[in-house]
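User: Please go through this model and, for each label you use, tell me how the value compares with the definition behind it.

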Amino acid sequence: MILKQVRITNFQSIQDSTQFEISDVTCLVGKNEAGKTALLKALYRLNPIRTSDAEFDATGDYPRRDLVDYEQGLAAGTQASAPVVHATYALDTGCIRAIEAMYGENCLIDRNPAVTLRKDYANQVAYSGLQVDHGAAVSHLVANADLPNSVNDTLKCQKTVPNVLEALKDVEKTEASQKLQQRLAKIPDGDVESAIYNQIISQNLPKFLYFDEYYQMKGQDNLDALKNRRDQGSLEEADEPLLGLIELAGLDLDLLTTPGQTEALIARLEAAENQLTNKVLRYWSQNRHLRMKFDVRPAQSEDPPGMKDGMNILGRVEDTRHMLSTALGTRSRGFIWFFSFLAWYSQLRKQGKNIILLLDEPGLSLHAKAQADLLRYFEEELMPHHQLIYTTHSPFMVDATRFDRIRIVQDLSVEEGSDDLPDSKQGTKVFTEVLDATPDSLFPLQGALGYEIHQTLFVGPNCLVVEGASDLLYLQTMSVLLEEQGRSGLDRRWTITPVGGTGKVPMFVALIGAQTHLNVTVLVDSHEHDRQQLDNLYRKKLLKKQQVLTFADFTEDDEADVEDLFSVEFYLRLVNGEFGCAIESADLAVGHPRILRRIEDHLTENPLPQEARFSHYRPARYFSAKANSLAEHLREEDVDRFESVFRAVNALL
């Protein structure tokens, strides 16, 4: 059965969440105190995997400001038990086939049925939406009862269960008629719809597995105490992953509390270690040298409180690179969360449990890269088998390629200026319309979208880093002109990425180059004061040396900008054309190798017309706009230098 829609009412901060759609993976995004946890906890109690968690309690759960009025209404008989969860499920193929096998192919009026469950504070579950053709169902039961023709003819005109039971009183008692009578008697009040729900639908209803940081393993425990808590039905939340681990290893908790069969115990523990190590390392890129270790041994007098008697189980993490092991409980909170969930889920998966996963702020303590690993784990390991609903306020836990999975959770009543909100807008709401969201609610989506744009718009698989927009214009324009002449231009696979100055290049390369799937090359100006920064790009192994190119590599000088790839005369043509001046090469002082520096020196004594300020971007824009008419003034050596640049860069693809 597939959960399709949810609506939560009258629970903690939620008056009415409004109905919202559920997909294969649903991400509830909102800021702290928006009510994300309340949504999951309410839904969890509809059909929890831990049956002890199923009860709603109005005293603790009903919205506090209305609790007194609600309780008084119940006592006076003027108030019915308030509903909490409304959940609509689509019946899957297996469930429909089971219904049709029992009650016939024509028993369901709707061929794609959906059933809505409603649970209230009386902890009663009601259903609606199931449309059954009672006559077709009864006819199927009669036709498949192997009755004699005479009896079949008598019963086939009956269209309700009570009528068939009444007619059976007057027919010959045979084994077949008695079996039919027994089967019909199991249909409560002759209601086939209720029978279908109770016999098939409710039995196929998926359980909810709720997991948050309180379910994390302690890393070690006393097995005798754990056994007592299990037998007394008083398990702590942290016990569930540990019990899952023990069952995953194929071990019996009762046998673990008594010594014996050491070799068999070691073999079982190693099997669990191997399985979980393989799972962890596949989705834990933070440290590939870890190995899980588990030990069961008699308690010692100096062991921690609660572990001084009987048998203890100890979890450890071995680092094969540093050749040491540490207690599981001392590892990072992010690692413990991931491992604890993996242990419990793997055991339930092994049992073939039909579950829907509710994860509250998963990976909250994980590094951003580890959160990306967790998203990959969701996609590859969870989604093929289970529906997943999780909450987050982290941009790195939002898949920017699947915004269709996002539901925004917001509580306007905790925002500033909310004193005059009408009742209809009070409390936690869930919606998909971003125009209704506050800036704080949108922040995780903005962060995720910004990161995705950063990955796809400004960089590509082959990223050519340049200083600024003028470099981009010159390279793009000259590439087109060269290609029109049948010469080598810049390969189209390169994405030219301006970063806003040489000083920003190292930071950009450090951030982008950390992604191993990108091919990054730097092509920048060469200035004496920037040389150390550029050298550090390969000395610190951010890039290979051949991936750090400067324009000086293609001129005869130690310092050069992109403008120095042109002859002085041609570049002055661009400056004069853009600014309406008449600077000649003879006007520029001899000495500095960079044309821009010489022009700036000249302009200190000879300002541009109309007090214009010189910008090296404007000649680049002028060249880009008038490239066709200016191309005839390019010298052969200008074209040769640009072609040398393009060939050198293309060779790095």
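**Labels and their criteria**

Analyst: In this predicted model, Leu-28 stands opposite Thr-391 in strand 14. Residues are numbered from 1 along each chain as its sequence is written, and the helices (H or I, at least four residues) and strands (E, at least two) are DSSP runs numbered from the N terminus. Because the model is predicted, local features need pLDDT of at least 70 and side-chain atom pairs count only at pLDDT 80 or more, whereas totals for chains, interfaces and linings use all residues; side-chain values use heavy atoms, with hydrogens and water left out.

User: What makes strand 4 and strand 14 a pair, and in which sense do they run?

Analyst: Two strands pair if DSSP finds at least two bridges between them. Strand 4 (residues 25-29) and strand 14 (residues 388-392) are joined over five bridges, and the sense is parallel. Strand 15 (residues 406-411) also pairs with strand 4 in the parallel sense, here over three bridges, and Cys-27 stands opposite Ile-406 in that strand.

User: Why is strand 4 called mostly covered?

Analyst: A residue is buried under 20% relative accessible area, exposed over 50% and partly exposed in between, with a 1.4 Å probe and protein chains only. Five of the five residues of strand 4 are buried. In a regular strand the side chains alternate between the two faces of the sheet. Here Val-25, Cys-27 and Val-29 point one way, Thr-26 and Leu-28 point the other way, and all are buried.

User: Why does Thr-9 count as buried?

Analyst: Its relative accessible area is 5%, so Thr-9 falls under the limit for burial. Thr-9 is found in strand 1, and, leaving aside its neighbours within four places in sequence, Thr-9 is in contact (heavy atoms within 4.5 Å) with Ile-14, Gln-15, Asp-16, Pro-83, Val-84 and His-86.

User: What is noted about phi at Asn-10, and is the residue buried or exposed?

Analyst: Most residues other than glycine have a negative phi. Asn-10, in strand 1 (residues 2-11), has instead a positive phi near 55 degrees, and with 17% relative accessibility the residue counts as buried. Gln-610 also has a positive phi, about 60 degrees, although it is not a glycine. Gln-610 sits in the loop between helix 21 (595-605) and helix 22 (617-625), and at 81% relative accessibility Gln-610 counts as exposed.

User: Which residues of helix 3 are buried, and how do you know on which side they lie?

Analyst: Leu-67, Tyr-70 and Gly-73 are buried in helix 3 (residues 67-76). They cover an arc of only 130 degrees around the axis, which puts them on the same side of helix 3; the arc is that of the directions from the helix axis to the C-beta atoms. An α-helix has 3.6 residues a turn, so residues three or four places apart point the same way. On the other side of helix 3, Val-68, Asp-69, Gln-72, Ala-75 and Ala-76 are exposed. Helix 2 (58-61) is included in what covers the buried residues of helix 3, and just after helix 3, Gly-77 takes a positive phi of about 80 degrees.

User: What makes a space a cavity rather than a pocket, and how many cavities does the search find?

Analyst: On a 1 Å grid over the protein atoms alone, a cavity is a set of points where a 1.4 Å probe fits but cannot get out, whereas a pocket is an open set with protein on both sides within 12 Å along at least five of seven lines; lining residues have an atom within 4 Å of a point. Grid points are joined across faces, edges and corners, and a volume is the space filled by probe spheres set on the points. The search finds four cavities of 30 Å³ or more, and the largest cavity holds about 50 Å³. The elements that give two or more residues to its lining are strand 9 (220-222) and helix 11 (239-248).

User: What lines the second largest pocket, and which residues are closest to its centre?

Analyst: The second largest pocket holds about 550 Å³ of space. Among its 27 lining residues, Asn-32, Lys-36, Thr-37, Asp-360 and Glu-361 are the closest to its centre. Helix 1 (36-44) and helix 14 (333-350) each give two or more residues to the lining, and helix 1 gives the most, with four. Helix 1 is itself mostly covered, since seven of its nine residues are buried, Lys-36 among them.
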